Amino acid sequence: MTRHIRWFKNFYNYSFGFTLAEVLITLGIIGVVAALTLPTVINNAQNRQLETGLKKGYSTLAQALKMYEQENGEPIKGYEEGIHLKKFLMTYVNVVKDCGKGTGDKSCIPNKAYVNNPDNYKAVYQNYNGTNEIPYSLIDDGQFVINDGMLVLIENDGATDNKPCLYISIDVNGYNKRPNRLGQDLFMFQINNEGQLVPMGAKDTDFYSENDEYCSNVSKSEANGLGCTAKALSDKDFFKNLPR
């Protein structure tokens, strides 16, 4: 009986043990697989965060405009409110930093150099596919940071023929986090004549195009990305296919 027990123990140790070489090979395989898949996993997680940030920002700003309408008896209309848009918005959202038109605070886009030389700050953001810099003049009329770190940027471009030229852009993960690209973490909206917040790229917005001129994987235009907001909110696969 003792001999049988000893034999069973020896068999168990022989059959189920691993040599050092086998362990190292297994760890090596796991390391290779992780190296191949981890960047994709991380990228997908980051893209989901950008998508969530866009939806949250859209909801926050739309609610702010609605609260203004309820309190004042009429909506904000672009051709009437112009320069006061930033002040009105800040009343109805949880602001943690008023950046003015740009301060030295790390959460805001510095504006001093832009005032002296507009070309200095073209490179703050790039277009949708990273092939060009966007014109800073589209986001330079005021900025503030809300409580979740989102940077809100205002453009008051006046109006012609009662057509509003009021744009609100949001950097959903803040100025200091990449990719800092139009249509990826920076999204633009427009206030229409009825005071509604409309995703840029939707029909009747200033940067609508039937052939995706303003949201293209190949265009090198500085305006590429301005019209991506509508697609980002309506296309369930949009954030899965962002250009590198």
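What pLDDT does the protein chain average, and what share of the residues score at least 70? I started my notebook there. This is a predicted model, and its chain averages a pLDDT of 81, with 76% of the residues at 70 or above.

**Entry: confidence by element**

I looked up the two ends of the confidence range next. Among the elements of the chain, helix H5, residues 112–116, has the lowest mean pLDDT, at 49. Helix H6, residues 228–234, has the highest, at 97.

**Entry: the overall build**

I got 6 helices and 6 strands for the secondary structure. Reading along the sequence, I wrote the pattern down as α-α-α-α-β-α-β-β-β-β-β-α. The chain has 244 residues, and 41% of them count as buried. I also looked up contacts between residues at least 6 apart in sequence: 59% of these join residues at least 24 apart. The accessible surface comes to about 14100 Å², and carbon and sulfur atoms account for 53% of that.

**Entry: a greasy spot on the outside**

Which residues form a nonpolar patch on the surface? My list reads Leu-20, Val-23, Leu-24, Leu-27 and Ile-30, which together have about 500 Å² of accessible area. Leu-20 sits in helix H2, which covers residues 20–72. Its relative accessible area is 63%, so Leu-20 is exposed.

Glu-69 counts as partly exposed at 29% relative accessibility. Lys-66 is also partly exposed, at 45%.

**Entry: Lys-86**

Is Lys-86 buried or exposed? Its relative accessible area is 14%, so I put Lys-86 down as buried; the cut-off for that is under 20%. Lys-86 belongs to helix H4, residues 85–91. I jotted down a general point here: side chains of opposite charge can pair when their charged atoms come close. In this model, the side chains of Lys-86 and Asp-98 meet in a salt bridge, at 2.7 Å from N to O. Asp-98 is partly exposed, at 40% relative accessibility.

I then checked what else Lys-86 touches. Leaving aside neighbours within four places in sequence, Lys-86 is in contact with Asp-98, Gly-100, Gly-142, Gln-143, Phe-144 and Ile-154.

The whole structure holds 7 salt bridges. One more I looked up pairs Lys-236 with Asp-237, where the closest N and O atoms are 3.4 Å apart. Salt bridges that share partners join Lys-236, Asp-237 and Lys-240 into one network. Lys-236 is exposed, with a relative accessible area of 65%, whereas Asp-237 counts as partly exposed at 26%.

**Entry: the disulfides**

How many disulfides does a search of the whole structure find? I got 2. Numbering the bonded cysteines in sequence order, the pairing goes 1-2, 3-4.

Cys-99 is joined to Cys-108, with an S to S distance of 2.0 Å. The torsion about their S-S bond is about -70°, so I noted this disulfide as left-handed. Both Cys-99 and Cys-108 are buried.

Cys-215 and Cys-228 form a disulfide with their sulfur atoms 2.1 Å apart. Here the torsion is about 105°, so the disulfide is right-handed. This pair links distant parts of the chain: Cys-215 is in the loop between strand S6 (197–199) and H6, Cys-228 is in helix H6, and they are 13 residues apart. Both Cys-215 and Cys-228 are buried.

**Entry: Leu-138**

Where is Leu-138? I found Leu-138 in the loop between H5 and strand S2 (143–146). Leu-138 counts as buried because its relative accessibility is 15%, and buried means under 20%. Not counting residues up to four places away in sequence, Leu-138 touches Glu-155, Tyr-167, Met-188 and Leu-226. I also checked Leu-138 against Ser-169: they are 31 residues apart in sequence and 8.9 Å apart in space, C-alpha to C-alpha.

Conventions:
Residues numbered from 1 in each chain as written. Predicted model: local features only at pLDDT ≥ 70, side-chain atom pairs only at ≥ 80, totals over all residues. Heavy atoms only, no water. Patch = residues over 30% accessible without salt bridge, like charges linked within 9 Å, V, L, I, M, F, W, Y side chains within 5 Å. Areas by Shrake-Rupley, 256 points an atom, 1.4 Å probe, with all protein chains shown as cover. Salt bridge = Lys/Arg side-chain N within 4 Å of Asp/Glu carboxyl O. Helix = DSSP H or I, 4+ residues; strand = E, 2+ residues; numbered from the N terminus. Buried < 20%, exposed > 50% of the residue type's maximum accessible area, 1.4 Å probe, protein only. pLDDT = per-residue confidence, 0-100. Contact = heavy atoms within 4.5 Å. Disulfide = S-S within 2.5 Å.
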